[in-house]
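Here's a walk through the model, from overall build to sheets, core and interface. Have the structure open as you read.

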Amino acid sequence: MTTEIAPPAIQAQQLPSGIGTAVRRIDADEKLTGRAIYAADVRLPRMLYGAVLRSPHPHARIRSIDTARARRLPGVHAVITSADTARRKWGAFRPDLYPLAVDKVRYVGDEVAAVAATDLETARLAAALIDVDYEPLPPVLSLDEALADGAPLVHDDAPGNLAHEFGFDRGGTEEWFDRSDVIIEGTWETTRQWHAAIETIGCTAEWSHGRVTMWVNTQTPFLARQRYATALGEPLRNVRVIQTDVGGGFGGKSGDDNTSVICAILAKKTGRPVQLVNSREEEFLASRPRIPMRYRVKLGFTRDGRVTAKDIDVLADNGAYTGKAQAVLGAATVRHDVLFNYRAVRARSRLVYTNLVPTGAFRGFGNPSADWAVGQAWDLAAEKLGIDLPDLFLLNAVESGSISPHNHKVNSCELKQCIEKVTTAIGWREKRANRRPNRGLAMGCSVHVSGRRSFGDYDGSAAMVRVADDGRATVIIGEGEIGTGARTTLAQIAAAELGIPVEDVTVTRPDTDLTSHALGALASRVTYVAGNAVQRAAQAACQQLLEAAAKQTGVPASELWIADGHVHGHNPEGQQLRTPVGTIARAALYQPGGEPIVGLGSFDNPSEFPDEVRYGNESGAYNFVAEAAEVEVDPDTGAITVHEVAAVVDCGTVLNPPLAEGQVEGAIAQGLGMALTERFHWADGAPEDPTFSAYKIPTAGMMPKLHVQFADSYEPTGPFGAKGVGEIALDPIPAIISSAIADAVGVRVTELPITAEKIFWSLHPATTQGNAAHPRSDKEDPS
Amino acid sequence: MPDLVRFTLNDESTEVHVDDPTATLLDVLRHKLALTGTKAGCEIGYCGSCTVIVDGRAVPACLQMVGLLTGSNVRTIEGLSSPEGLDPVQNAFAECAGFQCGFCTPGHVMALRALLDQEPDPTEEQLDATVDGNYCRCTGYAKIADSARRAAELERITRRRRLEKQEENA
């Protein structure tokens, strides 16, 4: 199925100064001094504080709600239930969520009522005084329960509890399996992983003249605004969203939960500003964690190691409401197929409602779940074929010009370089030649997009670059900053194009009233998509400056250039010209018919809007990674130590090395958390202890030695050759850790997370017989 | 009748009236004193985002009862830099890209500041143990560990310069 097309002519241009260097972040001072304003730091005059009453039941009918006691508490300004809302369902793809529960609750944490009061303590106290009469209903607390014949329905309009379903067979899968010599089959399961951003989700809302302004720590102000308007029953024009500083996103702040909506309703009801911020417990109970998937995979290979076909059957636990889960399932189904030269692929994917916390977007967007299964299947294949894993990957890796069975068109691709470099970085050959007891080694690869057409047929960005008479440039753009350093990178791009110091560039924050439409921080898109828009806007502003300077000096614009914040050239007399850009900008303005220097730039991802069965080139540029890890297992206890992780990423040109490294290092840490530590013990459909004391995210002490490198790469459609880098390094980590453990002690874990208990009981099955009380080692799943 | 608590906050004497002396320092800083640089991450003493320095020790402000602070000396992130510039610890984080979203950063900075106040020449183990005490969800800690080492270096340079200046003046 894979067709070779002529590779694009890749010409890495000479990079301008300020590109590819460790430029200090433009937000360093405010973030290091405590002056940055995050969601909970917003202070408005007369501001009230909100609190939410949540369902204690996974599934129940609401018979009645009595708010009288709560209303009587001094300091309480409003108590709201669904009667105070527009009772309109909302959601990114499948509207199924009310702002406050109507008639029924569907998970522990479902929003039932809310309070606004003069302080947080009063608000929370009042919420606890609301009396709700519930009639508990039988819940479905696992995929199997939800899919059983006659299972209770989470939503009456979703028979069989199916929220979404699709499938395809591309390239003649059965024929290719028939022609295969080696078949690998297995089923792997992932579990819920929480973003656990250290800042929880929060909003401050204020109404004025019939419009609401919402200061939200969202990754996607414009997309969130559209959904908030629907949920509020307001026309879009009545909703303005301003992004605060964002204390970590990772997909969790994409505006699929009710917190901001409830905040806006409380503000309308009270006529005062209201702030509503999730407590850590609420964040665990009611944010939108990673979707657990049960992923059956079958791979075919020829005897010499060429992959033939792949067949998958994916069941994804949607939880009670849909959010972005169906798009995540789409990525989990098709994205991996960009990576290797599959001849045929077949899939059946189903998204299943359960009475559990709704799931959604999380860094990797389905890829880590796919890699958890398919990556381990490749590891098993290498063993069965008797081919060393790096060699098997090299034999099947895609190259520039490949087209996937789903029509993904691979532009720049240095996957093979990544595999070769990571083999060296981890010391693969040496470690293979000198095996040590209880130590294991494994490798994995992944592919990600640089932006994705998901929310309609547009994945573009637009920017304005203004050069003022003080010589400073302002990049006016609505893409925002969630911590990755995106604003700094955009400033670098503008500075490089304009020829001014990066310190002289300001990048605005998103405000839906002030900037043009922006999709925001999702799908590793900002550097690539917004970077292109900023580059074009800066080029336009630069051209305007040069033309103004030409008029002012009489030297043709083509003979002038800008560097170090000055316009340079020679006048007809041969004298050197050196004029500050601010002086040029001011002179362009202060004259009859004067005009400001404002460049506009726009870029739409050169991609296709995939159809209902996910056929279509979803991104203009694909990023690749190869990673490897060495682990050690204590055979007496099952304890796992990850000694080293190496990662080599193809993200095109690296615009700011420390920032790109930070993305890779942070992604590896989250991958290790997903692999090893992040889980809850569950009881009655909810985490027993929804706090950081139970849910362990990686600490510094747990981190292995990291080797992070970047491939020499240049993406012809990227700004200065750059592609996305934000997500990809997380994707293969859990599978690599599992395969490395299998390499070390022969135990293959199929359900996340990989715990010492699971290893121990596999290594010591005899012990189990004499120990009936083997303490809740399998209670990591809600069921 | 609210209680009056007097303590020194960022080198200034401060009085706060609290209805409940068991109110946390975190709540008082953020909601009574408008010092929002100290962050609430978990409010059970796990994440370290609210780390402040009380009488020379790094403590989570979410577990510090304000009623016990009478006469104490409290330093928050807002008291670290001066109009002349950033503290060496802050400079180290800027140089080493030791932050991403920045939300846990004030806690990390204050924890390291407390260590360097106690141990001007800390060992690598002391630096690592300090970083290990605070959560970060963005960085994977590698660049925070780099920042910690750089902070110790900048601290030594700063102290040496200060000494040299004192000697010059003498």
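## Ground rules and overall build

Helices here are DSSP runs of H or I with at least four residues, strands are runs of E with at least two, and both are numbered from the N terminus. By that count, chain A has 20 helices and 28 strands. This is a predicted model, so local features need pLDDT of at least 70 and side-chain atom pairs count only at pLDDT 80 or more, while totals for chains, interfaces and linings use all residues. Residues are numbered from 1 along each chain as its sequence is written, and chains are lettered from A and ligands numbered from 1 in the order in which they are written.

How does chain A do on the globule check? With 783 residues, a compact globule would have a radius of gyration near 28 Å, and chain A comes in at 27 Å, which agrees. (The radius is taken over C-alpha atoms, and the rule is 2.2 Å times the number of residues to the power 0.38.) Along the principal axes, the C-alpha atoms of chain A fill a box of roughly 95 × 75 × 45 Å. Of the 783 residues in chain A, 61% are buried; buried means 20 or more other C-beta atoms within 10 Å of a residue's own, exposed means 12 or fewer, partly exposed is in between, and C-beta atoms are placed from the backbone. Contacts are pairs of residues whose C-beta atoms, placed from the backbone, lie within 7 Å. Among contacts in chain A between residues at least 6 apart in sequence, 80% join residues at least 24 apart.

Strands count as paired if DSSP finds at least two bridges between them. On that basis 7 strands of chain A make an open, mixed sheet in the order β3-β5-β1-β12-β9-β10-β11. Its edge strands are β3 (76-80) and β11 (239-243) of chain A, each pairing on one side only. The twist averages 25 degrees from one strand to the next; axes are lines fitted to C-alpha atoms (for helices, over the stretch in contact), and angles run from 0 to 180 degrees between N-to-C directions. Inside the sheet, β1 (48-54) and β5 (111-117) of chain A run antiparallel, joined by 6 bridges, and Ala51(A) has Val115(A) in β5(A) as its bridge partner.

Helix α6 (221-232) of chain A covers β10 (211-216) and β11, at about 145 degrees to β11(A).

(The expected span is 1.5 Å times one less than the number of residues.) In α15(A), 20 of the 28 residues are buried.

A nonpolar core is a set of buried Ala, Val, Leu, Ile, Met, Phe, Trp, Tyr and Cys residues joined through C-beta atoms within 7 Å. The largest one has 308 residues, and those touching the most other members include Val115(A), Val534(A) and Leu545(A). The most residues given to this core, 14, come from α15(A). Leaving out residues up to four places away in sequence, Leu545(A) touches Val467(A), Ile562(A), Val567(A), Val581(A), Ile584(A), Ala585(A) and Ile597(A).

β24 (622-633) and β25 (640-650) of chain A run antiparallel over 10 bridges, with Val631(A) opposite Val642(A). They form a hairpin with 6 residues between them, and Gly638(A) in the turn has a positive phi of about 85 degrees. β25(A) also pairs in the parallel sense with β28 (705-710) of chain A over 6 bridges, where Ala646(A) stands opposite His707(A). In β25(A), 8 of the 11 residues are buried, so the strand is largely enclosed by the rest of the structure.

Three strands of chain A make an open antiparallel sheet in the order β20-β21-β22. β20 (561-563) and β22 (576-580) of chain A are at the edges with a single partner strand each, so one side of each has no neighbour in the sheet. Helix α16 (581-589) of chain A packs on the sheet, touching β20, β21 and β22, at about 75 degrees to β22(A).

## Where the chains meet

The contact takes 42 residues from chain A and 41 residues from chain B. On chain A's side, α1 (28-32) and α17 (657-677) each supply at least two residues, and α17(A) has the largest share with 7.

Terms used: Two residues are in contact if their C-beta atoms, placed from the backbone, lie within 7 Å.
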